[in-house]
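Reader: I am new to this structure and would like to go through it by question and answer. May we begin once it is in view?

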Amino acid sequence: MSDDARTEETPKSYRPIDAKGFREFISRGWGPVDRSVSVLEGLAEAAAEHRRKLAAALPGRRIALAAGRAPVRSNDTDYQFRADSDFVWLTGCQAEGAVLVISGDGDATLYLRETAGPDEADFFANARDGELWIGPVPGLKDWSDALQIACRPLEELPAAVRGAVPFMLSVPGVEPMLDALVRTSPTDGNALRQTLAELRRIKDDWELDQLRDAVAASVLAFGDVASELPEAIRGGGERWLQGTFDRRARTAGNGVGYASIVAAGNHAPVLHWVRNDGPVNEGDVILLDAGVETRTLYTADVTRTFPATGEYTAAQRQVHDLVHKAQLASLEAVKVGAPYRAFQYEALRVLAEGLRDWGLLEASIDELLGPDGQQHRRYIVCGTGHYIGLDVHDCDASRPEAYFAGTIEAGMALAVEPGLYFHPNDETVPPELRGIGIRIEDNVVVHSDRLEILTEDLPITTDGLEQWTKSHLK
């Protein structure tokens, strides 16, 4: 066969967007679809109150804040989208590319991309946003009805923020229309983030319910993981346990609230062991630091360290008992009016005393806890607590005097997490302690007259965790 014959037989490819027949045919014959937005009861009201608080904190300021867009993973594939936390706190909306504008008098408008209908090319030609590719998308009226906020087409955004804008904030590089305006307008995004962070420190009742739900789902997920320990030992390893937690998180909520730490054996002392690619062996302890994120994006942050076969070794029990003692002292210090650093100091004091009693440290307690000592921090270089909420390390943009150098107030939600971490190659500790990492992390809510421990359904004693683990083993 000649080259000319082969060329003549090569089929041609036509683009549907250029074909009149296709354009006409695809534009008709579509029935109604459900575009409604399902939101939890109380969400719209909570978001409206959050906007009121922000407007009161920044009177007369016009504010713009973007939800953001999913980052590109490669070529035409993106990572899963998660809306900006401040944006969600103010709107309850998780629409990609949406922008909130709050006027100087406190009125709020949400600007969103309007859905393309079958008579528009984006309906079938836009693989990223077109409904033929991704399914039905709520329209402006659907969002407005669900969130009780005025909604306008995104194309009207420039006119809405044109002129002097004392406060404007975008998610850099992901909302070009807004970023261009930011570059030409007076802005103070850092101050806005700081204001929002400090407002978010005190959770309202609706937010606390979201955190309770996140913790409840996380407790179930911890039980799921314990049930799969035999399979992990048979060869599934840390990845099997991670996948087990992820399945519950994705089913009960939005997914995990942060990169889970599933650290078995010698990986347990590694503070941020998120590779989760090691084996699980009999005799290991499993340090599981993971949290379910609700569909409203509030996340738990829980850690327990439990024995793979249901029983601690003598050395593991020794370390766990000291961390447990530190946890109790730390929780006792979490109360209204106390310095924020108090509960962290108490945890470190108990750990330092214990390490000294074991003969691992020679300095006096006063020296260890003083500014020029701190030798005990070799075995716990991380902090022992933080805010939780929409972010796992919530409200980090707060001023020091409103966070680490501040005082504890009613309505704060905290993670309290002392631990000890003896790396397998640390020759300052005896061989039987090397490779042991123990952390206990509870989620708590501060009330005016009490401390609510959200994670109380998970035991924290060695005996309790042994019994809990055995009760889940198949």
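Reader: At what angle do helix α3 and α10 pack, and how far apart are their axes?

Author: The model discussed here is predicted. Two packed helices are described by the angle between their axes and the distance between the axes. For α3 (residues 43-57) and α10, the angle is about 125 degrees and the axes are 11 Å apart.

Reader: Which word describes how α3 and α10 lie to each other?

Author: The angle between α3 and α10 is about 125 degrees. Angles over 145 degrees count as roughly antiparallel and those from 65 to 115 as roughly perpendicular. The two helices α3 and α10 are therefore oblique to each other.

Reader: What is the hand of the crossing of α3 and α10, and which residues make the contact?

Author: Helix α3 passes α10 in a right-handed crossing. On the α10 side the contact is made by L192, T195, L196 and L199. On the α3 side the residues are K53, L54 and A57.

Reader: How many residues apart are R234 and E231, and in which helix do they lie?

Author: R234 and E231 form a salt bridge in which the closest N and O atoms are 2.9 Å apart. R234 is exposed at 63% relative accessibility, whereas E231 is partly exposed at 26%. The two residues are 3 residues apart, about one turn of the helix, and both lie in helix α12.

Reader: In what order do the strands of the open sheet stand, and which of them are at the edges?

Author: The open sheet is formed by 3 strands in the order β8-β9-β11, with antiparallel pairing. Each edge strand has a single partner strand, so one side of each is left without a neighbour in the sheet; these are β8 (261-264) and β11 (302-307). From one strand to the next, the twist averages 10 degrees.

Reader: How many bridges join β9 to β11, and how many join β8 to β9?

Author: L288 has R304 as its bridge partner in β11, and L287 stands opposite T305 in β11. On the other pairing, A263 has L287 as its bridge partner in β9. The bridges number 6 between β9 (residues 285-290) and β11, and between β8 and β9 they number 4.

Reader: Which helices lie on this sheet, and which strands do they meet?

Author: Helix α11 (residues 205-227) lies across β9 and β11, running at about 25 degrees to β11. A further helix packs on the sheet with a direction about 160 degrees from that of β8, touching β8, β9 and β11; this is helix α12 (residues 229-252).

Reader: How many residues of β9 are buried?

Author: Both faces of β9 are covered. On one side V285, L287 and D289 are buried, and on the other I286, L288 and A290 are buried. Strand β9 is largely enclosed by the rest of the structure, because the buried residues are 6 of the 6.

Key: Residues are numbered from 1 along each chain as its sequence is written. This is a predicted model: local features need pLDDT of at least 70, side-chain atom pairs count only at pLDDT 80 or more; totals for chains, interfaces and linings use all residues. Side-chain values use heavy atoms; hydrogens and water are left out. Two strands pair if DSSP finds at least two bridges between them. Axes are lines fitted to C-alpha atoms, for helices over the stretch in contact, and angles run from 0 to 180 degrees between N-to-C directions. Contact means heavy atoms within 4.5 Å. A salt bridge is a side-chain nitrogen of Lys or Arg within 4 Å of a carboxyl oxygen of Asp or Glu. Buried means under 20% relative accessible area, exposed over 50%, partly exposed in between (1.4 Å probe, protein chains only). Angles under 35 degrees count as roughly parallel, over 145 as roughly antiparallel, 65 to 115 as roughly perpendicular and the rest as oblique. A crossing is left-handed if the near helix is turned anticlockwise from the far one by less than a right angle, and right-handed if clockwise.
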